[in-house]
2 protein chains.
Amino acid sequence: MYLLNGCRKDSVDITDRGFQYGDGVFESLEIVNGQPLFLSRHLRRLALGCDRLLIPAPDPALLADEATTLCSGKTHAVLKIMVTRGPGGRGYGQPTHIKPTRLLGLYPFPDFPTCYQDSGVAVRFCNYRLSANPMLAGIKHMNRLEQILARAEWQDDSVQEGLLFDQNDRIIEGTMSNVFFLKDDVLYTPDLEQCGVAGIVREIIMESAIRLAIPLRLEAWEKLKALQADEIFLTNSVIGVWPVKTLEGRVFETRGLTKKLQAEYVRLRYEEV
Amino acid sequence: MYLLNGCRKDSVDITDRGFQYGDGVFESLEIVNGQPLFLSRHLRRLALGCDRLLIPAPDPALLADEATTLCSGKTHAVLKIMVTRGPGGRGYGQPTHIKPTRLLGLYPFPDFPTCYQDSGVAVRFCNYRLSANPMLAGIKHMNRLEQILARAEWQDDSVQEGLLFDQNDRIIEGTMSNVFFLKDDVLYTPDLEQCGVAGIVREIIMESAIRLAIPLRLEAWEKLKALQADEIFLTNSVIGVWPVKTLEGRVFETRGLTKKLQAEYVRLRYEEV
């Protein structure tokens, strides 16, 4: 079910620059009992993305209203909010008058086994290398061919996520998630100045670490260092926090700190509901 | 006017991955007297792009048929052919059964002053730096935020194109065109192994240079070297060949070789009509 500029629609104008060029940004949110979780954080990142792409950001109050309307009565679902530069002609030059398209869509919540949260997931390394792009790094824009090509590297259902390297062979993120490493009670996550998406749960976990006095460092690791971590976990707004059970076959224990941060995320998530 | 999978339509399904993720490729062709110019070359590049993105390429005979039907009776226009991965669910994983969307659209031919072809255009350098991405380099995919952000750097109508550098400060292409330099009777154009779009007119010019025994080298130049070129010109399927009259204010003469290659392109173009 979709709300396109406030109206129920199943299709979008062919001239929309979101379709022509991937010219827009999006957010994916978990819906619990009609409530979009961490909505204000998502709307803030959406506005930041619009700003970076020079798209006039829609009124966050309007987006929040439409989100609440669309999600009303939904027990558990995913809400995707998209904002594109709207209709325009052929060519990369922007329309003189930009009329952004806002689109909210409801999707079923994925049927993840509970063991993914409890005992963790199996992860691999991708061969695909993310390109450096400081202008687009951090934001969740609609140019997603990199993630699509990386995700196409495996069909094996027993592997839940793949980690992506940058062109200097440093791990940046998963195809759909952010990654954290624990080593000697210090929490590490890659800095995203050159590439990667700065996830909302990543932000929440970083704040939680600071609050819980867990030392936090922004560092991108190479393959060997990653394989020597004590614990690894993945985050995004739909999966929450998934411990990594295996990385390229090497088994990781989910010890205290992952559990502690995961519990803190669960607590904050309940506060939202 | 659009043909979406063979039917007249103005809108595309919201679930289309072309819209969700820019998950597709496209071609822009000049139409003269109902004839799409260099159609077989464009269809070949389109198929190559599909192949790179793991999208099953539509039958080129079908695309050619639809192109001819759509363009029938059009004196001078632009045809855009798009192929996307088609409808799919949320997430970067590909649908189990890919049903590509093919979309052909007709656009008015831009109203370029004839002096652009004759005496040349004014060009600037862009601040935006293209990111290196060997998996996506060369093909004309629908992830075009880089070109949009670069093109947004100037609003001044007296400047017709901007040249883009890679992250190593070497010139790769224009925002919408390929670039050629002439120096001491040798023709240079950047190699596109890491970034850039391998244009159809670029290919035709390279073949022409070889046929006309003009020495050709694939080299990406830095700013200073570019400013010391004897001649510079730009190519794409809509503009054809545009000599560069000024680059960042420095004036360039359009001497023999640009005119010779331009004339050769005009000749081949007439053969197509």
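This note goes through the predicted model point by point, from the interface of the two chains to single residues.

1. Conventions. Because the model is predicted, local features are taken at pLDDT of at least 70 and side-chain atom pairs at pLDDT 80 or more, while totals for chains, interfaces and linings use all residues. Residues are numbered from 1 along each chain as its sequence is written, chains are lettered from A and ligands numbered from 1 in the order in which they are written, and side-chain values rest on heavy atoms, with hydrogens and water left out.

2. The interface. In chain A, 57 residues are in contact with 57 residues of chain B, where contact means heavy atoms within 4.5 Å. The two chains bury about 4600 Å² between them, 66% of it on carbon and sulfur atoms; buried area here is the accessible area (1.4 Å probe) that two parts lose on being put together, summed over both. Of the area that chain A buries against chain B, A:Phe19, A:Arg90 and A:Tyr92 supply 19%, more than any other three residues.

3. The side of chain A that touches chain B divides into 26 nonpolar, 17 polar and 14 charged residues. In this division Ala, Val, Leu, Ile, Met, Phe, Trp, Tyr, Cys and Pro count as nonpolar, Asp, Glu, Lys and Arg as charged, and the others, Gly among them, as polar.

4. Strands that meet between chains. S3(A) is joined by three bridges to strand S3 (residues 11-13) of chain B, and the two run antiparallel; A:Val12 has B:Val12 as its bridge partner. Strands (E, at least two residues) and helices (H or I, at least four) are DSSP runs numbered from the N terminus, and two strands pair if DSSP finds at least two bridges between them.

5. The open sheet of chain B. Which strands stand at the edges of this sheet? Its six strands follow the order S2-S1-S7-S6-S4-S5, with antiparallel pairing. Strand S2 (7-8) and strand S5 (35-36) stand at the edges, each with a single partner strand, so one side of each is left without a neighbour in the sheet. Two bridges join strand S4 (residues 24-32) to S5(B), and B:Ile31 stands opposite B:Pro36.

6. An enclosed strand. Seven of the eight residues of strand S15 (residues 240-247) of chain B are buried, so this strand is largely enclosed by the rest of the structure; buried means under 20% relative accessible area, exposed over 50% and partly exposed in between (1.4 Å probe, protein chains only). S15(B) pairs in the parallel sense with strand S8 (residues 121-130) over three bridges, and in the antiparallel sense with strand S14 (residues 231-236) over four bridges. A hairpin of three residues joins S14(B) to S15(B). In the hairpin of S15(B) and S16(B), which has two residues between the strands, B:Glu248 takes a positive phi near 50°.

7. A buried leucine. B:Leu103 is found in strand S7 (residues 101-108) of chain B and is buried, with a relative accessible area of 2%. Leaving aside neighbours within four places in sequence, B:Leu103 is in contact with residues of chain A and chain B, including A:Ile14, A:Phe19, B:Tyr2 and B:Met82.

8. Charged pairs within the chains. Over all chains the count comes to 29 salt bridges. In chain A, A:Asp23 meets A:Arg17 (3.1 Å, N to O), and in chain B, B:Asp23 meets B:Arg17 (3.0 Å, N to O). A further salt bridge joins A:Arg269 and A:Glu30 (2.6 Å, N to O); the pair links distant parts of the chain, with A:Arg269 in helix H8 (residues 256-272) and A:Glu30 in strand S4, 239 residues apart, and both residues are buried.

Notes. A salt bridge is a side-chain nitrogen of Lys or Arg within 4 Å of a carboxyl oxygen of Asp or Glu.
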